[in-house]
Amino acid sequence: MTEKELICVNCPMGCRVTVTMEDGKILDVKGNSCPRGRAYAEKECIRPERILTTTVKIQNGTHPVLPVITDKEIPLDMIFEAMEEVRSVTVEAPVREGDVIIKDLLSTGADLIASRSMDRV
């Protein structure tokens, strides 16, 4: 049996949550003051996810790179593979904020989108 301590980031309370696990299964969650804290702790212990924010190369833009972000979280264990995919992409200016740069990144269901507009020079 193992215990993992987390600080919940779902609200400003920052509850100190303790998760008790055995053989990859959650036995108990303590310390959360709301249901969101419990859900966060369970997800963080079983398969954590993160929003990916990075840049892609852009040709003929006002800057050499374009900031991008996933429109939803992707599994944390896929971040490095996702970054390999992102590094292979070059877009052509102009680009508008919200434009999809990579649809369904690594079959995660998350789109990589432009997080700002960039004009052509």
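1. In the predicted model, isoleucine 58 has valine 91 of strand 8 as its bridge partner. Strand 5 (residues 53–59) and strand 8 run parallel to each other and pair over three bridges; strands count as paired if DSSP finds at least two bridges between them. Strands (E, at least two residues) and helices (H or I, at least four) are DSSP runs, numbered from the N terminus.

2. This pair belongs to an open sheet of five strands in the order 8-5-6-10-9, with mixed pairing. Strand 8 (90–92) and strand 9 (100–102) are the edge strands, each pairing on one side only. On average, neighbouring strands of this sheet are turned by 45° against each other, direction ignored. Axes here are lines fitted to C-alpha atoms, for helices over the stretch in contact, and angles run from 0 to 180 degrees between N-to-C directions.

3. Contact means heavy atoms within 4.5 Å.

4. Which residues of helix 2 are buried? They are Ile79, Ala82, Met83 and Val86. These residues lie on the same side of helix 2 because they cover an arc of only 100° around the axis, the arc being that of the directions from the helix axis to the C-beta atoms. On the other side of helix 2, Phe80 and Glu84 are exposed. Buried means under 20% relative accessible area and exposed over 50%, with partly exposed in between (1.4 Å probe, protein chains only). The buried residues of helix 2 pack against strand 5, strand 7 (74–75), strand 9 and strand 10.

5. A further open sheet has three strands in the order 1-2-3, with antiparallel pairing. Strand 1 (2–7) and strand 3 (25–30) each have a single partner strand, so one side of each is left without a neighbour in the sheet.

6. Strand 1 pairs with strand 2 (residues 16–22) in the antiparallel sense over six bridges. Threonine 2 has methionine 21, in strand 2, as its bridge partner. Helix 1 (residues 35–46) lies across strand 1, strand 2 and strand 3, and runs at about 125° to strand 1.

7. Residues are numbered from 1 along each chain as its sequence is written, and side-chain values use heavy atoms, with hydrogens and water left out. As this is a predicted model, local features need pLDDT of at least 70 and side-chain atom pairs count only at pLDDT 80 or more, while totals for chains, interfaces and linings use all residues.
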